[in-house]
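Good morning, and thank you for making the time.

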Amino acid sequence: EYHREAFSRAMEKTIATLSAKGIQIFILGEVPGFDFNPPRALGVAALTRTSLNHLVSTVEVCKERDRNQRELFERLKGFNVKIIDPIPYFANAGGVIRPADERGALWADTHHLSSYGSLRLKPAFEAAFGGN
């Protein structure tokens, strides 16, 4: 608890200093993770020809896992900060997050996106930075 609070205060101080200098700050939230290794689980499912239906996470699970981060982001709303939340770019309408789609694996390991999966965030960055 102490370290989290110290980190939050240091982050707020850093952001306040940068904002006072007119610097626009962008923070990318934690990419959804899984309790299993997606590439390994996808490979095993392919080898054993089993369903992928059990290889999922949910928005609720991800938000609870990242609760401390989200609390910090709430504290930063008063500053000149743009938070990019990656979760909506991976969840379907029912709030389910899958490690792959019909074109390939979205994760390279338990917590990191594959090159293909990182393309899911392209619209988030275009919106944040005003790109095409």
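This is a predicted model: local features need pLDDT of at least 70, side-chain atom pairs count only at pLDDT 80 or more; totals for chains, interfaces and linings use all residues.

Where is the place of Gly33? Gly33 lies in the loop between strand 1 and helix 2. A word on terms: helices (H or I, at least four residues) and strands (E, at least two) are DSSP runs, numbered from the N terminus.

Residues are numbered from 1 along each chain as its sequence is written, and side-chain values use heavy atoms, with hydrogens and water left out.

Let me turn to the chain as a whole. The protein chain has six helices and six strands, and along the sequence these follow the pattern α-β-α-β-α-α-β-β-β-β-α-α. Taken along the principal axes, the C-alpha atoms fill a box of roughly 55 × 40 × 25 Å. Of the 132 residues in the protein chain, 30% are buried; buried means under 20% relative accessible area, exposed over 50%, and partly exposed in between (1.4 Å probe, protein chains only). The chain exposes about 8,300 Å², and carbon and sulfur atoms supply 56% of that area. Such areas come from the Shrake-Rupley method with a 1.4 Å probe, and for residues only the protein chains shown count as cover. Among the contacts in the protein chain with a separation of 6 or more, 69% are between residues 24 or more positions apart, where contact means heavy atoms within 4.5 Å.

I return to Gly33. Gly33 counts as buried because its relative accessible area is 4%. Leaving aside neighbours within four places in sequence, Gly33 is in contact with Ser57, Cys62, Arg65, Thr110 and His111. Asp85, 52 residues apart from Gly33 along the chain, has its C-alpha atom 13 Å from that of Gly33.

Ser57 is in strand 2 and counts as buried, because its relative accessible area is 7%. With neighbours within four places in sequence again set aside, the contacts of Ser57 are Gly33, Phe34, Cys62, Gly95, Val96 and Ile97. His111 sits in the loop between strand 6 (104–105) and helix 5 (115–118). At 39% relative accessibility, His111 counts as partly exposed. Under the same exclusion of neighbours within four places, His111 is in contact with Gly33 and Phe34. His111 and Ala124 are 13 residues apart in sequence, and their C-alpha atoms are 19 Å apart in space.

Now to strand 1, residues 25–28. Which residues form its covered face, and which its uncovered one? Ile25 and Ile27 make up the covered face, and Phe26 and Leu28 the uncovered one. In a regular strand the side chains alternate between the two faces of the sheet. Strand 1 and strand 3 run parallel and are joined by four bridges; two strands pair if DSSP finds at least two bridges between them. Val81 in strand 3 is the bridge partner of Ile25.

Gln24 is found in the loop between helix 1 (2–20) and strand 1, and is partly exposed, with a relative accessible area of 32%. Not counting residues up to four places away in sequence, Gln24 touches Asn80, Val81 and Lys82. Gln24 and Asn80 are 56 residues apart in sequence, but 6.4 Å apart in space, C-alpha to C-alpha.

My last topic is the largest pocket. Its volume is about 180 Å³. Its lining includes Gly29, Val81, Ile83, Ile84 and Asp85. Helix 4 (67–75) and strand 3 (81–84) each supply at least two lining residues, and the largest share, four residues, comes from helix 4. On a 1 Å grid over the protein atoms alone, a pocket is an open set of points where a 1.4 Å probe fits, with protein on both sides within 12 Å along at least five of seven lines, and lining residues have an atom within 4 Å of a point.

One residue remains. Arg49 lies in the loop between helix 2 (38–48) and strand 2 (57–58), and its phi is near 55°, a positive value in a residue other than glycine. Arg49 counts as exposed because its relative accessible area is 78%.

Notes
Grid points are joined across faces, edges and corners, and a volume is the space filled by probe spheres set on the points.
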